[in-house]
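Please open the structure in a viewer and follow the stops below in order.

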There are 4 protein chains.
Amino acid sequence: MIFASDNWSGAHPAVNAALARHSEGMASAYGSSDLDKAVEKRFDEIFEREVAVFFVGTGTAANSLALASVNRPGGVVLCHREAHIVEDECGAPEFFTHGARMAPVDGPNGLIDAANLKREIARFKPDFVHAGQPMAVSISQPGEAGTLYTADEIETIATIAHDRGLTLHMDGARFANGLMASGLSPAEMTWKRGVDILSFGATKNGCWCAEAIVVFDPDKASQFPYIRKRGAQLFSKTRFVAAQFMAYFEGGLWLDMAGHSNRMANRLREALAASNSAREAWPTHSNEVFAILPRDLDTRLRAEGAVFYEWNPPHSMPDLTSEDETLVRLVTSWSTEEADVERFASFLR
Amino acid sequence: MIFASDNWSGAHPAVNAALARHSEGMASAYGSSDLDKAVEKRFDEIFEREVAVFFVGTGTAANSLALASVNRPGGVVLCHREAHIVEDECGAPEFFTHGARMAPVDGPNGLIDAANLKREIARFKPDFVHAGQPMAVSISQPGEAGTLYTADEIETIATIAHDRGLTLHMDGARFANGLMASGLSPAEMTWKRGVDILSFGATKNGCWCAEAIVVFDPDKASQFPYIRKRGAQLFSKTRFVAAQFMAYFEGGLWLDMAGHSNRMANRLREALAASNSAREAWPTHSNEVFAILPRDLDTRLRAEGAVFYEWNPPHSMPDLTSEDETLVRLVTSWSTEEADVERFASFLR
Amino acid sequence: MIFASDNWSGAHPAVNAALARHSEGMASAYGSSDLDKAVEKRFDEIFEREVAVFFVGTGTAANSLALASVNRPGGVVLCHREAHIVEDECGAPEFFTHGARMAPVDGPNGLIDAANLKREIARFKPDFVHAGQPMAVSISQPGEAGTLYTADEIETIATIAHDRGLTLHMDGARFANGLMASGLSPAEMTWKRGVDILSFGATKNGCWCAEAIVVFDPDKASQFPYIRKRGAQLFSKTRFVAAQFMAYFEGGLWLDMAGHSNRMANRLREALAASNSAREAWPTHSNEVFAILPRDLDTRLRAEGAVFYEWNPPHSMPDLTSEDETLVRLVTSWSTEEADVERFASFLR
Amino acid sequence: MIFASDNWSGAHPAVNAALARHSEGMASAYGSSDLDKAVEKRFDEIFEREVAVFFVGTGTAANSLALASVNRPGGVVLCHREAHIVEDECGAPEFFTHGARMAPVDGPNGLIDAANLKREIARFKPDFVHAGQPMAVSISQPGEAGTLYTADEIETIATIAHDRGLTLHMDGARFANGLMASGLSPAEMTWKRGVDILSFGATKNGCWCAEAIVVFDPDKASQFPYIRKRGAQLFSKTRFVAAQFMAYFEGGLWLDMAGHSNRMANRLREALAASNSAREAWPTHSNEVFAILPRDLDTRLRAEGAVFYEWNPPHSMPDLTSEDETLVRLVTSWSTEEADVERFASFLR
């Protein structure tokens with residue numbers, strides 16, 4: 001009953017097999033091998049257009065370098081107040097951008113509210129140096145609260161961003177989960193609706209360490225190789241990332257794994273809905289479920305071996321729980337076992 | 001006949017097997033799993049003392065974060081003029097330290113000359129803010145030129161550094177090759193002779209992606225977890241690094257691989273010594289051989305399928321080659337085949 | 001009728017006279033002249049203890065370098081959401097700290113609410129690297145909204161900060177105005193109540209360019225000379241700052257100027273209170289007055305030659321004004337003429 | 001007999017008078033006053049073209065922000081090994097550029113040798129990310145060694161830089177001294193020969209604190225206002241810089257002061273040439289003279305009240321002095337008195 005995080009899972013056997021298969025012989029390093037090229041080609045196919053792809057080692061690196069690549073002096077990134085780039089990356093985005101500010105935008109359920117976004121951007125008067133200058137909007141799909149933007153919502157946000165000359169970045173640490181939950185195609189969930197640059201995560205969904213930055217307009221990526229190398233994210237044996245991606249995409253494995261993960265989460269949601277003591281904190285759409293548990297149930301679950309994290313209540317919901325309740329996060333993954341879910345569910349009844 | 005770089009090799013089968021073995025089940029993320037702890041313990045044993053160990057993804061990250069952790073405002077790192085941190089990391093050390101300067105110290109064969117080091121440090125008068133302040137000395141063992149410091153030379157440099165309150169950092173991207181070539185123990189090659197912090201590389205020697213920063217005085221590492229996370233180098237599934245290290249150390253695999261690699265290089269050296277057209281550019285000691293080739297031999301070797309890099313002549317040897325010669329680097333690895341070496345050697349005759 | 005900002009004033013004649021007087025002869029540069037030392041001594045007297053003083057050129061530099069000097073990796077500064085360091089310094093604090101985050105804390109009237117501060121700090125769990133680590137609390141006295149903390153409020157905030165090992169920084173860009181409005185002594189408004197480091201501004205109050213960072217525990221300032229020089233804030237002819245400060249303190253000129261400025265602001269407040277069309281937006285205490293004006297009055301005032309800035313409504317008060325109203329800021333200075341104030345007041349009636 | 005540095009002088013009376021004159025009344029802040037505009041216009045006239053001008057507070061700021069404005073990821077600045085930006089700015093250029101490297105180029109007498117420059121640039125292969133990418137060449141006119149480039153030498157260097165797409169920056173901390181010594185016009189010494197961006201210093205030559213960055217192609221300066229503000233170099237009362245420049249240019253005062261300063265230095269050179277114990281270390285051209293003094297003469301001069309700095313021997317001249325000699329720097333300024341020079345000269349005989 002381990003629902004701590006999807007990064008508590010290991011790698012899918014197919015990923016390990018690919019690593020073993022591709023470990024033989026010599027291959028040119030630093031991203032120039034045939035395998036690297038083949039994977040880049042797969043990205044083109046998946047996104048139905050030519051894209052520029054850069055492998056990196058962590059989701060934090062993907063987000064931070066993506067934002068660094070579009071920063072301006074005094075730059076400001078508009079993002080949700082509870083975004084991963086604000087709450088969970090130890091200031092890496094600020095560090096890699098040399099001090100861009102992550103300016104909080106509020107909105108329910110971890111999603112940026114378009115009207116708020118518009119108002120926050122409008123606070124920055126053109127050529128008023130004192131306030132700095134907005135340079136990007138960053139959204140997470142799905143976000144830290146496990147929720148999803150619709151394609152139309154993405155487009156609305158993109159339009160607001162582009163009207164002011166801002167880049168739209170998407171943190172897709174759980175991109176496959178977002179795809180499966182929304183039913184959108186990769187293209188439709190991104191560039192067709194205005195996303196300019198994507199952090200494409202595979203680590204949480206069955207790889208060891210496979211993250212990529214996807215720049216939809218390759219012409220805008222000319223400085224990226226230097227940004228990545230300077231950021232200590234250019235692996236020498238890049239084929240080890242490429243091999244993971246190869247297995248990940250092969251036969252739709254990535255979507256199968258995300259589908260399983262989402263189904264397991266949905267089963268937890270159903271159990272919460274049927275519970276008369278616990279309840280869902282807010283509607284979630286992918287493989288994260290946020291639950292309010294009575295403290296005694298929390299204690300009992302942990303005694304039975306369940307592992308999950310207590311969660312900081314979002315800024316917008318300071319009174320979410322009473323004294324004898326607690327807010328927790330339950331995350332499922334490609335390797336979550338159905339029996340575990342059912343056992344957990346049985347305690348919620 | 002591929003002697004381009006040791007990072008053109010893949011991973012040893014034992015490393016892949018360890019990855020497969022450890023990919024099952026759930027394990028706590030971000031460095032807190034049992035496997036992570038077990039590997040940390042192995043480092044203590046290898047270095048015969050308690051050390052603080054931090055896994056990172058690239059050698060550039062290891063060097064850059066190591067230096068960042070000991071930096072001071074206006075900090076200066078004394079290092080060889082041809083050091084990897086100067087020539088090959090795209091300014092990452094400067095970037096992660098927020099602008100520390102890599103101040104060049106000259107010395108023959110890629111090694112810092114102690115007298116030069118002393119003189120360069122003396123240029124910095126205490127409390128003279130204009131010049132900045134030295135904060136570390138960094139040496140590579142073996143260095144970019146494939147050469148080694150003796151234990152006594154390390155100690156001499158350490159004493160010069162410590163007399164001025166500077167940290168001594170060692171770039172050990174090819175640490176195992178250095179061990180095997182020098183016959184020193186890990187402890188003797190480092191902290192027993194005054195090294196304070198080590199970049200411990202395993203990627204070039206049979207792993208996929210396994211680098212570690214070893215801080216010999218764990219009390220000095222209290223801020224390092226934040227430095228690493230902010231630097232986007234904290235992997236979520238750290239067991240994938242830990243598993244590689246586990247296999248790497250198991251039964252002395254790491255030393256066996258480095259020994260093979262060094263022997264193959266030595267064979268190339270012998271062939272150069274016996275050649276009447278090519279010659280060694282300077283004495284090298286581990287798994288890199290620098291050769292001066294007649295251009296027509298260079299052409300012929302490449303036509304026969306040999307792969308190796310032309311090399312920038314060191315600053316100290318601008319007239320190393322004549323018009324019809326070229327300086328090249330030949331690197332061997334754990335997977336270099338003896339037959340390839342012999343075939344290459346046959347062309348040198 | 002110019003109430004745009006107190007930095008629209010020039011310098012007091014006594015300041016110019018001091019510059020002329022001290023411009024003769026040679027004096028040692030970079031802060032080591034007798035005059036520099038004499039001014040440092042004056043700071044000791046004013047604050048009733050030995051302090052470390054560092055002159056810089058702008059208030060932005062003072063705040064940014066002060067925070068840089070106490071930063072930690074992944075550092076977070078807790079400050080009011082509308083603080084000058086957030087809204088008006090183009091990301092300089094983030095830049096000079098290499099990416100520290102300015103984390104917003106809410107509170108009425110531009111002042112941090114102690115309970116909110118406590119809750120925000122508590123969100124950072126010790127040793128949880130993902131969130132970064134708080135490193136300082138920064139308050140402004142008076143703040144951007146023209147309001148003041150009481151000595152007890154400062155002490156309460158200091159206690160919360162110190163309990164977590166955080167530095168308390170005070171942005172005193174209008175320090176003299178704060179002193180005169182509060183009736184506190186310099187020591188009582190700062191270190192006696194727990195302030196650790198102060199940005200001491202004189203530019204807005206009758207100097208040309210005279211700002212100082214005051215570190216109350218000189219032992220903690222050992223790296224500051226390097227931080228300042230690296231930050232390009234070490235003037236060569238520092239006596240030009242010292243001479244300004246000398247004149248500024250001479251005979252209590254600084255307090256006289258601030259007193260005048262505060263009185264002029266108070267006169268504007270009285271006029272607003274008596275007005276039947278305009279009103280004070282929130283209570284202000286020093287030399288800034290925030291007013292809600294009917295748009296037609298705003299237009300008329302500007303037509304009569306009045307100069308003042310429209311103001312972004314604070315985040316906490318989005319509905320401060322109706323469609324036909326506007327929020328404006330009126331600032332007085334040492335050189336504001338009483339006749340101008342009276343004329344402006346006459347239009348408010 | 002104070003020849004320590006030209007920044008030991010105060011400000012010219014005309015500069016103080018201008019400050020007093022312009023301190024009255026209100027003027028819009030942050031560079032937008034009429035006076036600011038008038039001075040910007042003066043710069044256009046002086047350089048015979050439209051330029052973009054940005055006032056800053058220190059020469060270090062001018063150099064650092066100039067380089068920051070043209071930096072690229074992994075950027076490298078080619079400069080003389082003894083350049084002020086390397087030796088005397090505490091790493092500020094690295095800091096403000098977020099870690100650009102100042103790559104040393106050798107050349108006699110503190111001047112870059114064009115052939116060396118070409119070779120160093122050629123070490124950077126296009127698209128080879130490991131080495132970083134050159135982004136600018138920086139020269140000083142006059143340089144730290146007091147020497148001057150001819151207009152043709154500047155053009156040669158500019159051509160080498162531009163052929164590789166690099167910006168040519170000139171550190172003109174003593175720009176007026178360079179003009180007077182070379183006989184060139186401001187335009188001829190800069191953009192007409194290929195200089196792209198200039199640090200224009202006036203502080204050392206009779207101002208208190210007046211430095212400017214001049215961008216010869218104003219179209220390339222669009223981000224500069226943000227770079228300056230973020231760098232904490234946007235003064236609020238910018239008219240205090242503008243007033244200094246106004247007086248500085250008025251009636252050619254700047255050239256008169258520099259002419260005096262150069263003449264005083266030349267008198268020292270003549271005395272050295274006539275001396276049978278002391279000698280010039282290398283030929284210098286403006287207001288700095290480097291002398292090799294017998295240690296007993298050094299002692300005697302200091303006993304007589306002479307003040308001057310011992311100098312680090314340049315890297316290229318380690319054996320400049322014998323045991324009983326010392327290398328010193330003598331600097332003259334606008335306020336150096338002829339009698340002092342003559343008295344000093346009398347000791348050299």
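**Chain A against chain C**

Begin by selecting chain A and chain C, which bury about 2,200 Å² between them, with carbon and sulfur atoms giving 39% of that area. On the side of chain A, colour Cys90(A), Arg101(A) and Arg123(A): these residues lose the most area to chain C, together 29% of what that side buries. It should be kept in mind throughout that this is a predicted model.

In this interface, 27 residues of chain A are in contact with 27 residues of chain C. Six salt bridges are counted between the two chains. To view one of them, select Glu94(A) and Arg101(C), whose side chains meet at 3.2 Å, N to O.

Next, display the secondary structure of chain A.

**The axis relating the two copies**

**Chain A against chain B**

Now select chain A with chain B. Here 51 residues of chain A are in contact with 51 residues of chain B. About 4,100 Å² is buried between the two chains, 66% of it on carbon and sulfur atoms. Highlight Met26(A), Trp208(A) and Lys237(A), which lose the most area in chain A to chain B, together 20% of what that side buries.

No salt bridges are found across this interface, but 24 residue pairs are in polar contact, with both residues at pLDDT 80 or more. Among the elements of chain A that give two or more residues to this side are helix H1 (13-21), helix H9 (224-230) and helix H10 (239-249). The residues of this side comprise 22 nonpolar, 21 polar and eight charged.

**An aromatic pair within chain A**

Over all chains, the structure has 110 aromatic pairs. For one of them, select Phe43(A) and Phe245(A): their ring centres are 5.3 Å apart and their planes stand at 80 degrees, so the pair is edge-to-face. Phe43(A) lies in helix H2 (residues 34-47) and Phe245(A) in helix H10, so the pair ties together parts that are 202 residues apart in sequence.

Technical notes. Residues are numbered from 1 along each chain as its sequence is written. Chains are lettered from A and ligands numbered from 1 in the order in which they are written. This is a predicted model: local features need pLDDT of at least 70, side-chain atom pairs count only at pLDDT 80 or more; totals for chains, interfaces and linings use all residues. Side-chain values use heavy atoms; hydrogens and water are left out. Contact means heavy atoms within 4.5 Å. Buried area is the accessible area (1.4 Å probe) that two parts lose on being put together, summed over both. A salt bridge is a side-chain nitrogen of Lys or Arg within 4 Å of a carboxyl oxygen of Asp or Glu. A polar contact is a pair of N or O atoms within 3.5 Å; within protein, one must be able to donate a hydrogen and the other to accept it, and residues adjacent in sequence count only if both atoms are side-chain atoms. Helices (H or I, at least four residues) and strands (E, at least two) are DSSP runs, numbered from the N terminus. Ala, Val, Leu, Ile, Met, Phe, Trp, Tyr, Cys and Pro count as nonpolar, Asp, Glu, Lys and Arg as charged, and the others, Gly among them, as polar. Rings of Phe, Tyr and Trp (its six-membered ring) pair if their centres lie within 6.5 Å; planes under 30 degrees apart count as stacked, over 60 as edge-to-face and the rest as tilted.
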